[in-house]
Amino acid sequence: MAAHPLTVGFDLDMTLIDSRPGIKAAYQELSARTGTFVDADAAVTRLGPPLEQEVRRWFPEERVAEISALYRELYPQHAIAATTALPGAREALAAVRVAGGRAIVVTAKYEPNAQLHMAHLDLAPDAVIGSLWAEAKAEALRAHGAQIYVGDHTGDVRGAHTAGALSVAVATGPCDAQELRAAGAEVLLGDLTEFPSWLDRYVAEGADGAGGADASAEACA
């Protein structure tokens, strides 16, 4: 696939959407169905890694595949309606298009459920690629020629760097600004409301992004 002049990848949970209420409801239903306690309040503080990582905290290894499949089956009914777009999400996607670029979503979430979130919230990225976490996200980022990857987790920083993309981190998820900076994020934003102005600077500076990175880091300090 030929690289577009500008392609920006976005993570999903706690980058574009606040899925905590929906995921909490899905875990509560999972507990009710299985008779196994899952601390849903704790689980939603650890969003980012693949579902199986959380399931292993509550179920034996031999049941992880079965329980993960059940959770994904329950997810559409219990998690979609309760999830909201994070502040600046729509504007961030729009800013990429205004700059003549493409916006893609690359997430660890099961892809059909990620697509349901996009449809419910009327967010329309150019592509949605699911079931990729951390360094594995580089597979999709490279395939789509993404120069920038925006995420809220240190795993997203690693994914960006593995793909040779600029890591833009938003401090809206489980990792705070200090963790994101320590992981090597070149750009730190408080949230996506800051992204359009940063992207304007990035494009104006010839996609070198250095000035935008410095200014954004100060805003999160």
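## A parallel sheet and its surroundings

All 5 of the 5 residues of strand E4 are buried, so E4 is largely enclosed by the rest of the structure. Buried means under 20% relative accessible area, with exposed over 50% and partly exposed in between (1.4 Å probe, protein chains only). Strands (E, at least two residues) and helices (H or I, at least four) are DSSP runs, numbered from the N terminus. This is a predicted model, in which local features need pLDDT of at least 70 and side-chain atom pairs count only at pLDDT 80 or more, while totals for chains, interfaces and linings use all residues. Residues are numbered from 1 along each chain as its sequence is written, and side-chain values use heavy atoms, with hydrogens and water left out.

E4 belongs to an open sheet of 6 strands. The order is E5-E4-E1-E6-E7-E8, with parallel pairing. Strand E5 (127-129) and strand E8 (187-189) stand at the edges. Each has a single partner strand, so one side of each is left without a neighbour in the sheet. Neighbouring strands are turned by 20° against each other on average, direction ignored. Here axes are lines fitted to C-alpha atoms, for helices over the stretch in contact, and angles run from 0 to 180 degrees between N-to-C directions. Two strands pair if DSSP finds at least two bridges between them. Strands of a sheet pair through backbone hydrogen bonds, either parallel or antiparallel.

Now follow the pairings. E4 and E5 pair in the parallel sense over 3 bridges. Val105 has Val128 as its bridge partner in E5. On to E1: 4 bridges join E1 to strand E4 (residues 102-106), and the two run parallel. Thr7 has Arg102 as its bridge partner in E4, and Val8 has Ala103. E1 (residues 7-10) is also joined to strand E6 (residues 148-151) by 3 bridges, again in parallel. Val8 has Ile148 as its bridge partner in E6, and Phe10 stands opposite Val150 in E6. Helix H10 (residues 195-204) packs on the sheet, touching E1, E6, E7 and E8. The direction of H10 makes about 160° with that of E6. Contact means heavy atoms within 4.5 Å.

Which way do the side chains point? In a regular strand the side chains alternate between the two faces of the sheet. In E1, Thr7 and Gly9 point one way and Val8 and Phe10 the other. All of these are buried. In E4, Arg102, Ile104 and Val106 point one way, with Ala103 and Val105 pointing the other. These residues are all buried too, Arg102 included.

Next, the region around E7. Helix H8 (residues 154-162) lies across E6 and strand E7 (166-170), running at about 165° to E7. Ser167 lies in E7. Ser167 is buried, with a relative accessible area of 1%. Not counting residues up to four places away in sequence, Ser167 touches Tyr149, Val157, Ala160, His161, Ala185, Glu186 and Val187.

Leu180 sits in helix H9 (residues 177-183). Leu180 is buried, with a relative accessible area of 0%. Leaving aside neighbours within four places in sequence, the contacts of Leu180 include Asp152, Val157, Ala169, Cys175 and Leu188. Leu180 and Ala169 are 11 residues apart in sequence and 6.7 Å apart in space, C-alpha to C-alpha.

Met14 lies in the loop between E1 and strand E2 (17-18). Met14 has a positive phi of about 65° although it is not a glycine. Met14 is also buried, with a relative accessible area of 4%. Ser131 is found in the loop between E5 and helix H7 (137-143). Its phi is positive as well, at about 60°, and Ser131 is not a glycine.

The largest pocket has a volume of about 360 Å³. Of the 22 residues that line it, the closest to its centre are Leu47, Gly48, Pro49, Pro50 and Leu51. Helix H1 (20-34), helix H3 (51-55) and helix H4 (64-79) are the elements that give two or more residues to the lining. By class, the lining has 11 nonpolar, 4 polar and 7 charged residues. Ala, Val, Leu, Ile, Met, Phe, Trp, Tyr, Cys and Pro count as nonpolar, Asp, Glu, Lys and Arg as charged, and the others, Gly among them, as polar. On a 1 Å grid over the protein atoms alone, a pocket is an open set of points where a 1.4 Å probe fits, with protein on both sides within 12 Å along at least five of seven lines; lining residues have an atom within 4 Å of a point. Grid points are joined across faces, edges and corners, and the volume is the space filled by probe spheres set on the points.
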